[in-house]
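Open the model in your viewer and keep the selection tool at hand. This tour goes stop by stop: what to select, then what is there.

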Amino acid sequence: MTHRSRTKSSAGAAPGAPLVAKTTMGASTLPDDAALLAAQLSRWFAGAARDLPWRHDRTPYRVWLSEVMLQQTRVAVVVDYFARFTARFPDVGALAAASEDDVLGLWSGLGYYSRGRNLHKAARVVVDEHGGRFPSTRDGLRALPGVGDYTSAAIASLAFGESAAVVDGNVHRVLMRLCADDTAIDTPAGQRATTARATALVTATSSPATVNEGLMELGALVCAPRAPSCGACPWRRSCRAHDAGAPEDYPVKARRPARRALRVAAVVLVDEAGHLWLERRASRGLFGGLWEPPGTVVPDDAGDAAATAATTEATTEAWRGLLVARGLTAPSTWPPAVVVQRTLTHRDLRFDVVVVPLPADAARALRPLDSGELDGRWLARGALGAVGTSTAVRAVLEAALGPPGSPRLL
Ligand code: SF4
């Protein structure tokens, strides 16, 4: 018998099955009294919590900044970014007064750049419409750009003490295991189940912030995705998945659609002084508002363009189109492409990159495409940190030109 089949039969908690709910909150919710579970978790958190910079001074601004940064990003990475951000923008007024380029420049490398743009927009709303003070309720917070259910609950609970359940991936994992629930967490039913259980816990305590943080911390430190340390868990006596000897069977996820494969043709234009021509993308969509060399998606005529090894005719046509659209003449033969592969959440990207040196007169005449939001400029390689660039673009430039500071390969 596999773990999976054993757990599925027991997760239903049929009467007489090995995993019988011990008491409390109604069928199929928590396996023990909510107040007891909340107290056990709070005690554990008091002794085990990591000393993280955003826990020192729980202002709404710092809670908001840290929670936005922590989405999809590891704590160890966020610690450095948080320190740099708060040093440069110590409060919401300073962030609102900055330019978007300054904010995205500091955000570069954190990924999911719409977060950085929304952070900046929301700071301006807080200053312009709320006199520099964050709204103190979930509903008021949710009206800010980029602040959804998760972030509004986190700020309301951690900064203002509201009994709002904060549900992230760690919380899903811990509570689905605690209850041995095989409802898929990426479905509305799974979301409702976890939110109901987390709400039961935070409303059963006088310190909802501690319970919310404790849940997330338990998922990060003890109830890990692989090989959870059940022996160190304050809930091991109540936990149904532990009881069944199969914690890793939870949480269950619904099947995800395959990532889309995209091939991108890019030209790195370099002038005689070694400066690079970068253009800013329109503010919406993937990598919106960030700076990059001219590039375009290559039409997929092979069914799976990114998986095709060779540079295709469609790619050289795309390079030619990029140059001609900017008033430049395409070379009669192309150098071999530098290929860079990147995997994003929903896409497999393959960049086919060529470096094109431009003589001084062509470089002087170059203009960005005439399409509204697009902007373009020549930048020294060492000045790239002053504008927002994605990790993918930095990888493309490094592959095409060598690491920053190395002799130019032209
Ligand atoms: S006992 Fe194990 S599986 Fe259950 S919540 Fe604790 S760490 Fe997770």
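How many helices and strands are in the protein? There are 16 helices and 7 strands. Helices (H or I, at least four residues) and strands (E, at least two) are DSSP runs, numbered from the N terminus.

**Ground rules**

This is a predicted model: local features need pLDDT of at least 70, side-chain atom pairs count only at pLDDT 80 or more, and totals for chains, interfaces and linings use all residues. Residue numbers start from 1 along each chain, following the sequence as written.

Colour by pLDDT, the predictor's confidence in each residue, from 0 to 100. The protein averages 85, and 86% of the residues score at least 70. Now select residues 1-28: here the pLDDT is below 50. Beyond near neighbours in sequence, this stretch has 40 contacts in the model. Two residues are in contact if their C-beta atoms, placed from the backbone, lie within 7 Å.

**Whole chain**

Select everything. Of the 410 residues, 39% are buried. Buried means that 20 or more other C-beta atoms lie within 10 Å of the residue's own; exposed means 12 or fewer, and partly exposed lies in between, with C-beta atoms placed from the backbone. Take the contacts between residues at least 6 apart in sequence: 67% of them join residues at least 24 apart.

**The core**

Select Ile155, Val267, Val268 and Val396. These have the most contacts inside the largest nonpolar core, which has 100 residues. Such a core is a set of buried Ala, Val, Leu, Ile, Met, Phe, Trp, Tyr and Cys residues joined through C-beta atoms within 7 Å. Domain 1 (3-249) and domain 2 (260-401) both give residues to this core, so it lies between them. The domain bounds come from an automatic or database domain assignment. In soluble globular proteins, nonpolar side chains tend to be buried together.

Stay on Val267. Leaving out residues up to four places away in sequence, Val267 touches Pro293, Pro294, Trp319, Leu322, Leu323, Val354 and Val356.

Select 60-70, helix H3. Is H3 largely enclosed or largely open? H3 is largely enclosed by the rest of the structure, because 10 of its 11 residues are buried. Among them are Tyr61, Trp64, Glu67 and Leu70. The buried residues of H3 pack against H4, helix H5 (92-97), H7 and helix H9 (149-160).

Step on to Gln72, in the loop between H3 and H4. Its phi is near 65°, a positive value in a residue other than glycine. Most residues other than glycine have a negative phi, and most peptide bonds are trans. Gln72 counts as exposed, because it has 11 C-beta neighbours inside 10 Å.

**Helix H6**

Select residues 100-107. The buried residues of H6 are Val103, Leu104, Gly105, Leu106 and Trp107. They pack against helix H4 (75-88) and helix H7 (114-130). Just after H6, Gly109 takes a positive phi of about 100°.

**Tyr250 and Ala180**

Select both. Tyr250 and Ala180 are 70 residues apart in sequence but 7.1 Å apart in space, C-alpha to C-alpha. Tyr250 sits in the loop between H13 and E1. Tyr250 is buried, with 26 other C-beta atoms within 10 Å. Leaving aside neighbours within four places in sequence, Tyr250 is in contact with Met176, Arg177, Ala180, Asp182 and Ala241.

Ala180 lies in the loop between H10 and helix H11 (188-202). Ala180 counts as buried, with 25 C-beta neighbours inside 10 Å. Its phi is near 45°, positive in a residue other than glycine.

The peptide bond from Tyr250 to Pro251 is cis, with omega near -5°. Pro251 is in the loop between H13 and strand E1 (260-270).

**Around the ligand**

Select the ligand. Which residues come nearest? Of the 14 residues around the ligand, Cys223, Cys230, Cys233, Cys239 and Pro247 do. A residue is near if its C-beta atom, placed from the backbone, lies within 6 Å. Helix H10 (169-178) and helix H13 (240-243) are the elements that give two or more residues to this shell. H10 gives the largest share, 3 residues.

Colour the shell by class: 11 nonpolar, 1 polar and 2 charged residues. Ala, Val, Leu, Ile, Met, Phe, Trp, Tyr, Cys and Pro count as nonpolar, Asp, Glu, Lys and Arg as charged, and the others, Gly among them, as polar.
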